[in-house]
Amino acid sequence: MSEDDIETVVREHCVRILKVDPCRATGDALLREDLEADSLDLAELHVALEDRWGPLPRETLADVRTVGDVIAKARLLLSGSV
Amino acid sequence: MRVPGFRVVVTGLGVRTPAGAHPKEVWNALLAGRSTARPITSFDTEGLGAGFACQIASLDMGAYLTAKQASRLDRMAQLAVCAATDALADAGALRAPPQRRAVVTGTCFGGRTTDEVVMLGGRHPERGDPGPLSVPMAMHNSAAAAISIHHRIQGPSLSVETACASGSHAIGEAGRLVRDGYADVAIAGGAEACITPTVLLGFRRCQVLSQRDDAPERASRPFDSDRDGFVLAEGAAFVVLESLEHAMRRDAHVYAELTGYASASDAHHLTAPSPQGEGAVRCMRAALADAGLAPEEIAHVNAHGTGTPLNDVAEAQAINEVFGPAKVAVTSVKGVTGHAIAAAGAIEAVTAVLSLQERAIPPTANLDHVDPRCDVDVVGRVRPMTPRPVMSNSFGFGGHNATLIFSPC
């Protein structure tokens with residue numbers, strides 16, 4: 001999967017789970033402060049990413065702050081370097 | 001309520017039922033005597049043995065919750081939030097601080113739609129496919145939680161589960177919280193959204209559902225000779241209860257006083273009522289005693305009246321035992337609304353209160369010939385009523401009985 005595809009998938013999940021307009025899910029959008037994500041949303045996002053890419057470590061999204069952080073994390077995981 | 005304490009009054013009503021989303025709408029549907037049973041179109045009923053129910057056609061949450069808030073609630077809790085919010089709006093601005101407000105809800109199946117999607121969906125039949133929201137959406141207290149969160153209710157928030165009596169028990173127990181001084185205001189009622197393939201099949205196999213597939217609108221016929229079971233329904237209804245003092249301080253419109261409540265158990269059988277409705281007799285008598293009323297002071301009984309052969313006979317026998325043979329008018333609104341399980345008692349509590357306002361007894365729909373074994377005065381056509389106390393019964397699988405009495409105030 002290309003880096004652009006990964007970004008597309010993550011953004012789509014963020015938009016669907018957080019019920020926000022796609023234009024708000026920019027790379028630097030703060031998940032909690034800007035997009036009103038809470039712990040349940042991040043748990044949903046985690047499951048959605050696992051459904052797509054297989055089991056992920058529990059702490060995968062523990063320290064993400066922005067949509068871009070999630071995209072970077074996904075790229076890192078899929079590159080096999082984590 | 002006779003136990004010394006605060007007098008408890010009803011100051012707000014809210015409903016979401018197949019017969020309407022406003023109390024007046026429901027009342028008019030009851031007067032018209034038109035059943036709301038229709039063929040089910042929301043899922044394939046092939047092989048389920050019953051293909052109709054009383055469903056709410058459209059549910060627009062837009063005026064109540066954001067899309068994200070709504071997506072975190074099962075249909076059951078969505079219905080509850082709509083009806084409870086309407087009841088609170090009807091009651092007007094409250095004075096009690098959040099810590100002095102309570103919510104008591106009743107449900108039987110909880111977030112059943114969520115449960116079924118989780119259990120039956122996905123690629124792992126042995127464990128389903130639960131997401132992070134499956135537990136908070138399926139849990140039976142989700143309606144109480146949602147109402148507490150959305151209306152900042154910081155006193156007691158509880159869910160009562162007594163099957164088909166849940167809604168009445170919720171209102172009665174909430175009334176006790178106010179009477180006994182644990183809360184100044186309580187929002188109470190029931191909600192159910194269980195028209196799903198497994199619930200329909202389970203009830204059908206219990207042999208309690210009407211199978212009148214050729215004429216769904218004639219299927220729910222409480223106390224009629226040709227009844228063959230109940231018609232499954234969904235819905236929610238809530239009342240705002242508050243101490244009379246609190247209501248007077250804020251100059252609220254008072255619909256009625258909750259003067260009597262009793263809860264009694266058959267201790268007999270998992271599904272069948274006790275012989276001659278003995279548990280129901282004790283429950284009605286205890287409610288009368290709670291209200292300090294004699295049987296002859298009751299204007300009419302809003303019966304549980306499900307339309308199952310067993311319930312209606314036992315309830316009629318119990319009513320005759322308490323009131324004397326054919327001494328009190330009896331009606332069942334389930335001919336119109338169907339049986340909304342845990343919401344039923346709350347819907348009927350609202351209709352009992354409305355009958356005091358409207359000074360009329362709504363008719364029992366589809367009543368062609370009263371079953372001779374149900375030898376009570378069943379109201380088949382709308383009947384004028386002097387404003388006197390009204391009794392509402394609910395009985396649940398497991399032998400849970402609840403009786404409420406509302407009086408003019």
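Begin with chain B: among its contacts between residues at least 6 apart in sequence, 81% join residues at least 24 apart (two residues are in contact if their C-beta atoms, placed from the backbone, lie within 7 Å). This is a predicted model, in which local features need pLDDT of at least 70, side-chain atom pairs count only at pLDDT 80 or more, and totals for chains, interfaces and linings use all residues. Residues are numbered from 1 along each chain as its sequence is written, while chains are lettered from A and ligands numbered from 1 in the order in which they are written.

Keep chain B selected and display its secondary structure, which comes to 13 helices and 15 strands (DSSP runs numbered from the N terminus: H or I of at least four residues for helices, E of at least two for strands). Of its 409 residues, 60% count as buried (20 or more other C-beta atoms within 10 Å of a residue's own; exposed means 12 or fewer, and partly exposed lies in between, with C-beta atoms placed from the backbone). The C-alpha trace of chain B spans about 60 × 55 × 40 Å along its principal axes.

Next, select residues 39-53 of chain A, helix H2, which has 15 residues and reaches 21 Å from its first C-alpha to its last. Colour Asp41(A), Leu42(A), Leu45(A), His46(A) and Leu49(A), which are buried. They cover an arc of only 145 degrees around the axis, which puts them on the same side of H2(A) (the arc is that of the directions from the helix axis to the C-beta atoms).

On the face turned away, select the exposed Glu50(A) and Asp51(A).

Key: The expected span of a helix is 1.5 Å times one less than its number of residues.
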